[in-house]
Amino acid sequence: MADPALEIDRIAKRYADVVAVDGLTFEVRAGELFGFVGRNGAGKTTTMRITLGVLAPDAGVVRWLGVPLTFEARRRIGYMPEERGLYPKMHVAEQLAYLGELHGMTGAEARNAALGWLDRFGLADRRDAELQALSLGNQQRVQLAAALVFGPDVLVLDEPFAGLDPVAVDVMAGVLRERADAGVPVIFSSHELELVERLCDRVGIVERGRMVACGTVDELRAGGQQRRWIDVPGAPGDWDAGVPGVRLVRTDGSRRLFELDGGVDDQVLLQAALATGPVRAFERVEPSLGDLFRTVIGEAGA
Amino acid sequence: MNARSFGLGGARHLPTIVLVARREVRMRLRSRVFVGGTIVMTVLVVVGIVAASLLAGRTTPVRIGFSGGSQALERSFTATAAALGANVTVSDIADITAGEAQVTAGTLDVLVTGSATAPTAVAKAAIPSNVESALSLAAEAARLSDAGLSPAVVTSAMALVPVRLLQPPNPRNTESVFASLALGILLWIALGQYGNMVAQGVVEEKATRIMEILLATIRPSRLLAGKVLGIGLVGLLQLTIVGAAALFAVQVTSVAAIPALGVASILGDILWFLLGFLLYATAYSAVASLVSRQEEVQSAVAPISILQIAGYLLMYVTLANPTSPLVIVCSMLPPFAPILMAVRIAASDVPSWQVGLAVAFIVASIGGLTWLAGRMYSNAALHLGTRVRFMDAFRG
């Protein structure tokens, strides 16, 4: 496995009497798309701000390629903050070029990069428009272009998909995948769990400032509950009452969905079903990231 | 993936302060406020100078033409007229009839005919008394020379009586007061306008939330320095345009005799603008960094605005009584010096130690305020939403 490119090591931050981040630790490897999920106020934005150095942590350190992030290294991170913001009265291409130059490009490089990204996002004809003249969705595209324009070595994006139409979501997902494939570690937060599941190599679930689960979706599934559909048409209503570690989720006619605690052998459930009569179906159900999320958050919040 | 790409060297990369300043200049020059403001200020200044030249019409030189033998008097007449305080221009007139026609038409004020020892002055309706005296004295000297006295004896015999005034009148006159007032108002407007522009610019980045992106790539102190530099350059450009128009108008309208409108004075005023701008820009940026919305800017900068209004009122006190101790002390205090010193210098003579002290105080204040503003701005830059308290921003 590759060495971690970006390490978030036990960072902590509290505001007055609220603990925002509490010893949070994770890492993102080169070429990896990392999905950062959690409820509102769980600490995602604070973590990203600390990573970008716009907020100082009370404790902990962020490392890049094994050494603590310096200001110069931070300048190479592409950032899309939760609070969107660009100059409303500045022309779109001029604005992107300005940000490119601030990140160390020459004037010509910055202009070319700005026009390239505008072209990519289908905004080539709006390059001389003031930002405020664009629709909110298009402003969001410009915001992403602002994070990408200088060819960053790391991408940190806070809710990049919020407010985008399906076409724009596809374009943005394609861009993020492409950057990751080019070797750039990409972290983004999102509440669209299906999208995260589909797109990300690894997922981190954060709750109350702590990382409560982190890994590939399959790894998260392996550690959590499993579900089985069983169809036993002739069974009495309470046939499953005596099976340990098994909980009925819902009933659909003669079909029943069970949730098994971690480590419970599903064959015990099947035996119990067979004991009541013929079993028409016994089906393994992969929990979605949404299911895993609710389970993990439920445990952490308990 | 390696650390190579973190290198940021290369001569073609402009320093971030320059980039920020360049953006400010571009955006401001593009705005209607700048274009309109420059036009309005230029028109006001030129109209003011033309009005001053009309008011100062009586300083227009008296045009005197000499014909025939009287032309020998031109040199001694000019010297004597200058000694008597008469402003004259002298020309040769070949033909007496044509000369009289010029006097009648008003293109010549006085025609001198006859010989050097017996000249006759021809005027339309009246002749200024000092011109008449100078002409009489010049003719008298010519007659004494004609009688055989040496030039040296004539000069000493004709010497004017020296006058010693125990209480000389103030050199100020109406035009000078008028010009000083106009100048003070212009400086006051420019300082207020550009100070507020800095305040608005500081809040702009918090209000539009671009601050978070900017601070991920640029240090707050450089962002602030670039902003103040850029807006200052725009202000300087505007004042230079207005100043150049003023100088042009001065040359064309012959009001250069008014001390407040001389070249040195106008350059000095631009210097006072720079000092005042740096002082007020740093002060404005410090307080503006405490708020996050444009609506809150006015209340945040109120303490500074009150100081500026006090300076405006003191300007009238200065014009009415330039030697009062209150005016002398206030004109050396940094918040008032840029306007009061400029007005005092325009209106009267100011001891150089007072000017030096005022400059020293204001430069020291700019240094201290820059430190304070940089600290407050850095600490408050990412504090969005509620207003930051002064001490919190100071402590960080």
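A nonpolar core is a set of buried Ala, Val, Leu, Ile, Met, Phe, Trp, Tyr and Cys residues joined through C-beta atoms within 7 Å. A residue is buried if 20 or more other C-beta atoms lie within 10 Å of its own, with C-beta atoms placed from the backbone. This is a predicted model: local features need pLDDT of at least 70, side-chain atom pairs count only at pLDDT 80 or more, and totals for chains, interfaces and linings use all residues. Residues are numbered from 1 along each chain as its sequence is written, while chains are lettered from A in the order in which they are written.

**Cores**
- The largest nonpolar core has 163 residues. Those with the most contacts inside it include A:Leu96, A:Val149, B:Leu187 and B:Tyr284.
- Helix H7 (residues 174-207) of chain B gives the largest share of this core, 16 residues.
- Another core, of 21 residues, lies apart from it and includes B:Ile64 and B:Phe77.
- A:Val149 is in contact (C-beta atoms, placed from the backbone, within 7 Å) with A:Leu96, A:Leu99, A:Gly100, A:Ala113, A:Ala114 and A:Trp117, leaving aside neighbours within four places in sequence.

**Chain A overall**
- Chain A has 10 helices and 14 strands. These are DSSP runs, numbered from the N terminus: helices are H or I, at least four residues, and strands are E, at least two.
- Of its 302 residues, 41% count as buried.
- Its C-alpha atoms fill a box of roughly 75 × 45 × 40 Å along the principal axes.
- Domain 1 covers 4-220 and domain 2 covers 225-286; such bounds come from an automatic or database domain assignment. The domain centres, taken over C-alpha atoms, are 43 Å apart.

**Confidence in chain A**
- Mean pLDDT (the predictor's confidence in each residue, from 0 to 100) is 87, and 97% of residues reach 70 or more.
- Confidence is lowest in helix H10 (residues 289-301), at a mean of 75, and highest in H3(A), at 95.

**Where the chains meet**
- In chain A, 30 residues are in contact with 22 residues of chain B.
- Helix H2 (71-74), strand E6 (77-80) and helix H3 (92-102) of chain A each give two or more residues to this side.

**Helix H5 of chain B**
- The 18 residues of H5(B) (residues 129-146) should span 26 Å at 1.5 Å a residue, and the end C-alpha atoms are 26 Å apart, which agrees. The expected span is 1.5 Å times one less than the number of residues.
- Its buried residues include B:Val131, B:Leu135 and B:Ala142.
- Just after H5(B), B:Gly148 takes a positive phi of about 110°.

Technical notes: Two residues are in contact if their C-beta atoms, placed from the backbone, lie within 7 Å. A residue is buried if 20 or more other C-beta atoms lie within 10 Å of its own, exposed if 12 or fewer, and partly exposed in between; C-beta atoms are placed from the backbone.
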